[in-house]
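Subject: Structure for you to look at, with notes

Dear colleague,

I am handing over the structure below, and my notes on strand pairing and salt bridges follow it. Please read them with the coordinates open beside you.

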Amino acid sequence: MSVDQKMDSGRRQLLVATSAAGGVAAVATAVPFVASLTPSERAKAAGAPVEADISKLAPGEMMTVEWRGKPVWILRRTPEMLASLDKTDAAVSDPESAKEMQPEYAKNKSRSIKPEYLVAVGICTHLGCSPSDKFKVGADSGMGDDWHGGFLCPCHGSKFDLSGRVYKSMPAPDNLEVPPHKYLSDTTILIGDDSKA
């Protein structure tokens, strides 16, 4: 073998070794980078469905659970609360829930799967404030003699009935959002997932 051939062979081996080392370095660099693009466990949990135990929720009471960083209200309505929805039909801007603020199965007067339970995101559709509950009726509510119960956003005065339907001429443009949900049992609601099992 001539000197030129030996040098050519040595160069070839050096080139192969350098290419292999470069490839290993590229893979070692890419793996953590690609791993950083996948959502963290905390991020996955933030968007995950949430189970709510409603077994201890008495008629007329409301509980709050957190889903995707938002407060979700679960209100167990009394027969009187449900009856008030007929009285507020003419006063609310979207009585038939025609706007897409709820899943198809909640497009009804009670805006729910089971009329007794309202499941709604507790964030005003105006500027994202959190309304407060005003369940007392009439003059005792501080809302006027014709108040039938519902929610009041203290920031800009938007009012919602006991189905989360916004009253006419309010700053809030839409009803409160009803998140996707389903009943796992008579006492457990899964918020954030309404897929058929």
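Two strands are taken as paired if DSSP finds at least two bridges between them. Please keep in mind throughout that this is a predicted model.

Strand S6, residues 150-152, runs antiparallel to S5 and is joined to S5 by 3 bridges, and the bridge partner of Lys134 in S6 is Gly150.

Turning to charged side chains, the count comes to 10 salt bridges, with a side-chain nitrogen of Lys or Arg required to lie within 4 Å of a carboxyl oxygen of Asp or Glu. One of them is formed by Asp89 and Arg165, whose closest N and O atoms are 2.7 Å apart. This pair links distant parts of the chain, since Asp89 lies in the loop between helix H3 (79-88) and strand S4 (117-121), while Arg165 lies in the loop between S7 and strand S8 (181-185), 76 residues apart. Arg165 has 0% relative accessibility and therefore counts as buried.

Arg165 also meets the side chain of Asp161 in a salt bridge, at 2.8 Å from N to O, and both Asp161 and Arg165 are buried. Through salt bridges that share partners, Asp86, Asp89, Lys109, Asp161 and Arg165 are joined into one network.

A further salt bridge brings together the side chains of Asp174 and Lys99, at 3.0 Å from N to O. Here too the pair links distant parts of the chain, with Asp174 in the loop between S7 and S8 and Lys99 in the loop between H3 and S4, 75 residues apart. How do the two partners compare in exposure, buried or partly exposed? Asp174 is at 19% relative accessibility and so counts as buried, the cut-off being under 20%, whereas Lys99, at 42%, counts as partly exposed.

Notes
Residues numbered from 1 in each chain as written. Predicted model: local features only at pLDDT ≥ 70, side-chain atom pairs only at ≥ 80, totals over all residues. Heavy atoms only, no water. Helix = DSSP H or I, 4+ residues; strand = E, 2+ residues; numbered from the N terminus. Buried < 20%, exposed > 50% of the residue type's maximum accessible area, 1.4 Å probe, protein only.
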